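Me: I have a new model open on my screen and would like to learn how to read it. Could you take me through it, one feature after another?

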Amino acid sequence: MNFKFTESQNELRRQVREFVEAELAAGTFKVVSKALVAQFSIEFSRKMAEQGWIGINWPKEYGGQGLGQVEKMIMLEEMFKYQAPVGYHFMGERQIGPALMKFGTDWQRDHFLPKIISAEKGIMFCLLFSEPDAGSDLAAVSTTAIKEGDDYIINGQKVWTSEGHVADYGWLLAKTNFDESLPKHRTCSEFIVDMKMPGITIRPLINMVGEHTFNEVFFDNVRISKKYLVGQEDAGFKQIMAQMNYERSGIERLLQNYPVYSELKRFINEMDESEKTGEYFFWIRDKMAQLEIEFTVGRLLCYSTAWSIDQGETPTSQAAISKAFCTQFEQRLNDFAMAVIGPNSIIREGAKWMPLVVDVAACYLWGVSYTLQGGSVEILKNIIAQRGLGLPR
Ligand SMILES: Cc1cc2nc3c(=O)[nH]c(=O)nc-3n(C[C@H](O)[C@H](O)[C@H](O)COP(=O)(O)OP(=O)(O)OC[C@H]3O[C@@H](n4cnc5c(N)ncnc54)[C@H](O)[C@@H]3O)c2cc1C
């Protein structure tokens, strides 16, 4: 791996940083402590599209810049440092676009890719994978898609659907084969579903931060045309797994609470001189240095996985290591921030006495979910053990 960025990569970083800082200064967004991609602004996404930064790593034939995963990571690192509101196009660009390029029909590519890359109105996606009895064991989905003529009829329930209440389309995994002799990972298919279809009911789930980002989504005889089936019938699970390295190695896994990290450093530096002596302060100094080591390791893991993807590799174990490490780092960061700031850390956003410009309590509460979403740490360790180390199941 080349540990130095190229001149053009440094130039890209500079341009993105300037752009984000200018947007922040103009007040088009605020640094808030929501789960990163839950923040969205179609206007912000449009501005990114104008810069050519949506689909920066998509092939030129699909409107992208044909750059690599490393360039995409540089761009997102600068965005996420300020928690820029990239949620409108995020899923479409990261997951749906690349899947359509690989598995989609010509109609699907022509219809969806230009809209995603230009952040057109009405093109926000959510992921309809998890169910009450299918999370880590995703192949166990029981939502059914039964073929009827040129259509599929969808019935069942999804859960934890982030942004399902605002998304225009859902990326659905549903069971299409009921042959009990088949392994379950060969029984489901992927579809694109218009979230406004008759028969879809979306109910909010309020998380413990007190925010509405999750939903339950119910399908009651929802009829969709077969042209929305993506890839091969019954190959949906395999197709999703082929995309997971991109999801898991994203630098958002390291930077979901970056403002806590940067603000904490400021807070400690600006502590009263009289507080900067004695064992308590040395404990703080030691822990902060430890976090700096971990942050640096996490960043290297993200970039090295991106680099491997750019070399044409499929770094499944490496991506799992990266996600497991980065999300646990973020939990340790939030724990430490709560300990350093003490009782004031529970003062919530907007209150006069909030000690950092970011809501540490919200980040702490959000942090619990980081090691679950996109594959729990236990599942990632299974992948590392089996696929990385060749250990038995
Ligand atoms: C913030 C957030 C956003 C999310 N957004 C979405 C979304 O937009 N769309 C969507 O479809 N889903 C979403 N999810 C759901 C997420 O994908 C699931 O939470 C995840 O797959 C785990 O599934 P589960 O919650 O059913 O837990 P379970 O699979 O029931 O796991 C419970 C516990 O058992 C452990 N466990 C399970 N199996 C094993 C095993 N084989 N070996 C060892 N330990 C095991 C797990 O590690 C975990 O600790 C989101 C989740 C979170 C937290």
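Reply: Gladly! Let's begin with burial: a residue is buried if 20 or more other C-beta atoms lie within 10 Å of its own, exposed if 12 or fewer, and partly exposed in between, with C-beta atoms placed from the backbone. Before we apply that, note that this is a predicted model, where local features need pLDDT of at least 70, side-chain atom pairs count only at pLDDT 80 or more, and totals for chains, interfaces and linings use all residues. Residues are numbered from 1 along each chain as its sequence is written.

Me: Is Asn221 buried or exposed?

Reply: Asn221 counts as exposed, because it has 10 C-beta neighbours inside 10 Å. The residue sits in strand E7 (residues 212–225). Helices (H or I, at least four residues) and strands (E, at least two) are DSSP runs, numbered from the N terminus. Look at the backbone of Asn221 too: its phi is positive, about 50 degrees, although the residue is not a glycine.

Me: Which loop holds Asp234, and what is its phi?

Reply: Asp234 belongs to the loop between strand E8 (229–230) and helix H6 (236–248). Its phi is positive at about 75 degrees, and Asp234 is not a glycine. With 17 C-beta neighbours inside 10 Å, Asp234 counts as partly exposed.

Me: And where does Thr161 lie?

Reply: Thr161 is in the loop between strand E3 (151–158) and strand E4 (169–175). Thr161 is buried, having 23 other C-beta atoms within 10 Å. For its partners we need contacts: two residues are in contact if their C-beta atoms, placed from the backbone, lie within 7 Å. Leaving aside residues up to four places away in sequence, Thr161 touches Cys126, Leu127, Leu128, Phe214, Asn215 and Val217.

Me: How far apart are Ser262 and Val358 in sequence and in space?

Reply: They are 96 residues apart in sequence and 10.0 Å apart in space, C-alpha to C-alpha. Ser262 lies in helix H8 (residues 258–269) and is partly exposed, with 16 other C-beta atoms within 10 Å.

Me: Now helix packing, please. At what angle do H1 and H3 pack?

Reply: Axes are lines fitted to C-alpha atoms, for helices over the stretch in contact, and angles run from 0 to 180 degrees between N-to-C directions. Helix H1 (residues 7–25) packs against helix H3 (residues 69–81) at about 30 degrees, and their axes are 9 Å apart. Angles under 35 degrees count as roughly parallel, over 145 as roughly antiparallel, 65 to 115 as roughly perpendicular and the rest as oblique. H1 and H3 are therefore roughly parallel to each other.

Me: Which residues make that contact?

Reply: H1 contributes Gln9, Leu12, Arg13, Val16, Arg17 and Val20, while H3 contributes Val70, Glu71, Ile74, Met75, Glu78 and Met79. For classes, Ala, Val, Leu, Ile, Met, Phe, Trp, Tyr, Cys and Pro count as nonpolar, Asp, Glu, Lys and Arg as charged, and the others, Gly among them, as polar. The contact of H1 with H3 has seven nonpolar, one polar and four charged residues.

Me: How do H4 and H5 pack?

Reply: Helix H4 (residues 87–103) and helix H5 (residues 106–117) pack at about 155 degrees, with axes 10 Å apart. H4 and H5 are therefore roughly antiparallel. On the H4 side you find His89, Gly92, Glu93, Ile96, Gly97, Leu100 and Met101, which meet Gln108, Arg109, Phe112, Leu113 and Ile116 in H5. By class, this contact has six nonpolar, four polar and two charged residues.

Me: What is the crossing angle of H10 and H11?

Reply: The axes of helix H10 (residues 316–341) and helix H11 (residues 360–370) cross at roughly 150 degrees and come within 9 Å. That makes H10 roughly antiparallel to H11.

Me: Finally, how many helices and strands does the protein have?

Reply: There are twelve helices and eight strands. The radius of gyration, taken over C-alpha atoms, can be compared with the globule rule, 2.2 Å times the number of residues to the power 0.38. Here the radius of gyration is 22 Å, close to the 21 Å that the rule gives for 393 residues, so the protein is as compact as a globular protein of that length. Of the 393 residues, 42% count as buried.
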